[in-house]
Every structure is written in structure tokens, then in C-alpha cells.
Amino acid sequence: MTLSVRIIACLDVTDGRVVKGINFTDLVDAGDPVEMASLYDREGIDELTFLDISASSSGRDTTVDVVRRTAEEVFIPLTVGGGVRSVEDVNQLLRAGADKVSINTAALKRPELISEIVDRFGSQVLVLSVDARRARTDSGFEVTTHGGRESARVDAIEWVEKACALGVGEILLNSMDADGTRAGYDIGMISAVRAVAKVPLIASGGAGALSDFAAALDAGADALLAASVFHFGIHRISDVKSYLSAAGYSIRTPNNR
Amino acid sequence: MIAILDYGSGNLRSAQRAFATTGHDVELTSDLDVALKADGLVVPGVGAFAACMNGINEISAADVIRQRKIAGKATLGICIGMQILFSDGLEHGAHKGIGMWSGTVSELDAPILPHMGWNTVEITGSSRLFKGIEKESFYFVHSYAAKSSVGLAQAWTTHGEKFLSAVEDGPLCATQFHPEKSGQAGLTLIANWSAGL
């Protein structure tokens, strides 16, 4: 009887459409974020994340509409991130129906944005997304920008400590080295962040084998985010949950559906 | 008709849709007359304890909640909307709540806060809200909670320490978790609540 490990699916959305290929046959429209969200809900996902990768402002407006339609149909927590730059951006997404908003580059540029958002909406709405990789910094991990291509010249562990002090409610840790490899989460990075973060920690990047999920939890993650292994049907949500449950982790298994 | 008390919260859209799945008309309102006369009233949470009480006080809604209890009309507090039904809260300093129940809402003694995610409940007393969903998980997001028993039936959850995750006290009910974000189990709880309207 403890808090369950959360399994989170991330959908990349641009101009109102899901970007990555989806290997589910029982969808009428696999590109529709609302339908994808609804399917994942039926499959037993614990939480959903939309990452808005739209380049244009009209694309962003479309995303707000997608959030609105999703929140009206899917009754599980929804986080939205990507291009969030101001308190007003957060306000717009929350009003549309997002439960949490994640920030990344804008907080690196201006850390006070964290406290501005927290002061207005509370810590529980704010997820700090950290794109980190191994590097020769004090901790051995640095923050990157531009999808991991450029160094932000900030030590990742120092950044997490600072953001926690400013009031973020949760950390989404993306390993840019592991991302897309399906070779496992970066366990050392998860442990290093866990050691300094007293808020919930979501591990992201590298999920492949079922044992990878367990390893990330053992390293201190509270929640596990995955994209391609779910989208491409490599694992069903139920496979991951059955595996973790058999391994002794606390898992939500909704029976009432 | 179910009224959802709108006192400054940004997002009530999910709550409105979740309660509408019961087949009842659902109205967002800050009109005290509407809130008083509704068959069911939902008090959602807004921000921290003190901010939430400020919102309640700005529209003078505490009296509506008291009058509904006396009249036997159903009211459901959610998250901070549950916490402010207690007499005292310790978030960002000591603050007075509406005081429907005697007790203090204090920080959870847990290594990781907020308590964020899906957790189970343990029920004491005869519960109507949890009928058929006693073994399900519900979605929590909070760092503070009430820890002493009030009301006629209770649900308890553990995160670091045991706390009160729901109360049923005749017409006045409350949940620390978010039924509107707890998937099918949450919708069933909402249906159980509204079946009494």
C-alpha cells in the first residue's frame, strides 16, 4: 500500500498531430493526439505528456486546442511542455486543461521564471525538464540545449539543486546520450539527480528491455517516461506493468473499466 | 444540477466534464444563490491553503457550505477544497479554515514531496463513495494533509505517514485525491457521489 510507480507515455505533437509513427492497428487516426491519449488511457497508462515541437505560433495555438479536447475526454493527469516561455504560456495551457506544464530552455535563460510560475500556480504544476549528458563538469553531467546538440555550459546537478530551491515540483530527467538508443536509462545520472532532488523524479531516455524500467526505479526514479517503445508497440503498457509488479514494485492496475 | 464553485481557479474544465459523465447538468458558478440551491456542490482546490481560503472568503462561500450541511445538501470538497473544510492549516504559516471539521492540515512527513501519483485507500466505516472501487488507486498531488479521524466514514492513505484521503460525513464529503483525474475509478466515485443527489 504505497505510492505506485508511474508509467508515463510521451507524445510529440506538432500542428495538432502526433509526430512519431504509431504501431497500433486499432486506431482510426493514429496521428490524432486525442485518440492516442484515449488509447493509452484504456491501456492503463498512469499519466500523459504532450511535447509540443511546433515551430510556428499557429502550431502552438493548435496544441492548446488539442490539450483542451484531450482534457475533456481523458481523465488522467496531463503534462504539456515544449516552448513554454512565460507565466502567460503556463496560464494558457492550464486553462486549456493541462494539469502540469514543463519548462526547459526558458528556465535556463532566466531561472526566476521558475519562482514566478510557482508563486502564481504552485509547485505542483511545474515540471523542470532537464536534457542532460555526460561531460567533464564537476558532477560529470551537463545540461544541453537544442535537443542535446549544444552545451548549455551548466552543470546538471547544480542546475537541479538550484531549480528545486526555486520551487519546481518535479524533475523530468532526459538522458541525451541514451535517448533513442533503447539501450537502457542512464542509471548513474538518475542516481546523481536523486541524491539532490527531494521532489518526484521522472526518468526518460533509453528505455528498451523491460529490465531497464526496473533498473531506473532502483536508481531512484519515481516515474518512468517512454515514447518509442510504446509508440512502436515494442512493449504494451500492460507488459511493463506486469513485469514490474512481478518484480515487487507497486503498480496501479485499474480493474474498474 | 451540480454546481462547481468557481472562485479563481484556472482549470475547472476537466472537473466539469468528469461530473457531466453522471448525466447531471453541471454549472461552473461563483453565484452563491446557485451554489446554495444546487443539488450537489463541488468545491475544487485552488493553490495553497491560505490562497484557497482567500478565494472562498472573497465570494463569502463559507456560509453556503455551512448552510448546505445543515440542510442536508450534498457538498464534495476536492484536494485543497477538502483541506479548507478543516479548522486549521499550516501551509505557509498558520491559517484558519472553514472549520466544518476540527483538525489541522499539516505537511506530510515523507522524504519526497509532493505526494504525486496513484495510491490506494484503506476504508474505515461504511462508505458509499468507494462502493465497488475499494481496491482501486486514485491520483494525488499534495504535500499537506489532515491526519485525524473526522466524519462517519474515512479513507486512509500512506505516504511517509498515514493521512486522511477521504471523508464522508452525511451530506458533506471530501477527497484529498482528484477523482476527476483518477480515470475510471474516479468517475465511478463521482457517480457514487452523484447517485445520492
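Why does Leu113(B) count as buried? Leu113(B) has 20 C-beta neighbours inside 10 Å and therefore counts as buried; a residue is buried if 20 or more other C-beta atoms lie within 10 Å of its own, exposed if 12 or fewer, and partly exposed in between, with C-beta atoms placed from the backbone. The model is predicted: local features need pLDDT of at least 70 and side-chain atom pairs count only at pLDDT 80 or more, whereas totals for chains, interfaces and linings use all residues. Residues are numbered from 1 along each chain as its sequence is written, and chains are lettered from A and ligands numbered from 1 in the order in which they are written.

Leu113(B) is located in the loop between strand S7 (101–107) and strand S8 (115–120) of chain B. Helices (H or I, at least four residues) and strands (E, at least two) are DSSP runs, numbered from the N terminus. Leaving aside residues up to four places away in sequence, Leu113(B) touches Lys198(A), Leu108(B) and Ser143(B), contact being defined by C-beta atoms, placed from the backbone, that lie within 7 Å. A distance of 29 Å separates the C-alpha atoms of Leu113(B) and Gly125(B), which are twelve residues apart along the chain.

Chain B contains six helices and 14 strands. Of its 197 residues, 54% are buried. Of the contacts in chain B between residues at least 6 apart in sequence, 67% join residues at least 24 apart. The C-alpha atoms of chain B fill a box of roughly 45 × 40 × 30 Å along the principal axes.

An open sheet of chain B is formed by eight strands in the order S2-S1-S3-S4-S14-S13-S12-S9, with mixed pairing; two strands pair if DSSP finds at least two bridges between them. Strand S2 (26–29) and strand S9 (122–124) of chain B are the edge strands, each pairing on one side only. Within the sheet, strands S4 (residues 74–78) and S14 (residues 172–175) of chain B run parallel and are joined by four bridges. Gly77(B) has Ala174(B) as its bridge partner in S14(B).

Between chains, 32 residues of chain A are in contact with 36 residues of chain B. On the chain A side, helix H2 (57–73) and helix H3 (87–96) each supply at least two residues. H3(A) gives the most, with three residues.

Technical notes:
Two residues are in contact if their C-beta atoms, placed from the backbone, lie within 7 Å.
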